[in-house]
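Here are my notes on this model. Please read them with the structure open.

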Amino acid sequence: MGIDLKAGGRRTGHKSSSKVIKSQDPYIRLLIKLYKFLARRTESAFCETIVKRLHMSRVNQPPIGLNRLSKYMTNKDGKTAVIVGKVTDDVRMLECPKLSVCALAFTESARKRIVAAGGECIPFDQLALRAPKGTNTVLLRGPKSRAALAHFGHSTSVTNEHTHDGVKPYVRSNGRKFERARGRRRSCGLKDLPFFPPLCVSPPVVDDVCQVFGFQVDCVKNFTDGDFSHFGLYGSHIW
């Protein structure tokens with residue numbers, strides 16, 4: 001039986017992201033070792049899920065806001081919310097309830113609001129001591145589809161117009177005058193500047209030009225009579 005090369009064939013030379021730790025963060029690497037050990041020794045599905053999510057890339061670890069977090073933790077008193085990602089503040093929520101949250105990171109304002117409400121923010125290594133098998137925890141994730149994803153990827157330009165056509169540029173406004181000119185349409189493309197070769201000139205010509213345009217000629221007086229090869233005109237500038 002042959003290999004369907006059109007459909008991709010065999011993926012040789014590739015390793016699973018769960019076998020090789022791609023993150024260079026020493027804390028993440030230690031957490032993966034810790035929860036990998038717990039998953040093997042306790043056979044806990046909670047620990048296996050934590051290991052899988054720790055291996056994920058940053059775009060697959062979406063943040064979660066306090067408002068969404070508090071909504072998910074309604075009527076779950078005495079339980080700890082576990083998020084393999086970042087917890088951010090939500091200014092639209094006026095009062096923060098008492099929460100026990102374990103996450104990879106917290107924004108400064110989110111941490112202050114949780115602590116001020118009588119809650120706690122704990123890291124994953126402390127959670128491993130408190131609940132090694134995930135007892136009394138609620139495993140949560142942020143929304144995968146969010147507005148920031150529209151701006152991720154390679155931008156489209158005149159020279160390469162079909163590179164990720166769906167990538168949305170960051171613009172000040174969507175009006176007629178914004179992001180509509182050079183680099184965004186073919187009539188105002190990315191043009192190279194014209195090149196003017198340097199012109200060798202003699203001292204009398206230099207004096208006349210400098211008098212007309214008001215250039216300084218102190219540097220010219222020190223030149224010898226025989227060597228003017230590195231002296232020239234580029235547009236309206238002299239060097």
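1. On the outward side of helix α4, Glu108, Lys112 and Ala116 are exposed. Exposed means over 50% relative accessible area, buried under 20%, and partly exposed in between (1.4 Å probe, protein chains only). Helices (H or I, at least four residues) and strands (E, at least two) are DSSP runs, numbered from the N terminus.

2. The model is predicted: local features need pLDDT of at least 70, side-chain atom pairs count only at pLDDT 80 or more, and totals for chains, interfaces and linings use all residues. Residues are numbered from 1 along each chain as its sequence is written, and side-chain values use heavy atoms, with hydrogens and water left out.

3. Ala110, Arg113 and Ile114 are the buried residues of α4 (108–116). They fall within an arc of 100° seen down the axis, so they line one face of the helix. The arc is taken from the directions from the helix axis to the C-beta atoms. Their cover includes α3 (66–72), β2 (80–88), β3 (100–106) and β4 (120–122); contact here means heavy atoms within 4.5 Å.

4. Gly118 follows α4. Its phi is positive, near 90°.

5. Which aromatic rings pair? Tyr35 and Phe124 do, edge-to-face, at 6.1 Å centre to centre and 85° between the planes. The search of the whole structure finds one such pair. Rings of Phe, Tyr and Trp (its six-membered ring) pair if their centres lie within 6.5 Å; planes under 30 degrees apart count as stacked, over 60 as edge-to-face and the rest as tilted.

6. Tyr35 sits in α1 (26–42) and Phe124 in α5 (124–130), so the pair ties together parts 89 residues apart in sequence. Tyr35 is buried, at 0% relative accessible area. Phe124 is buried, also at 0%.
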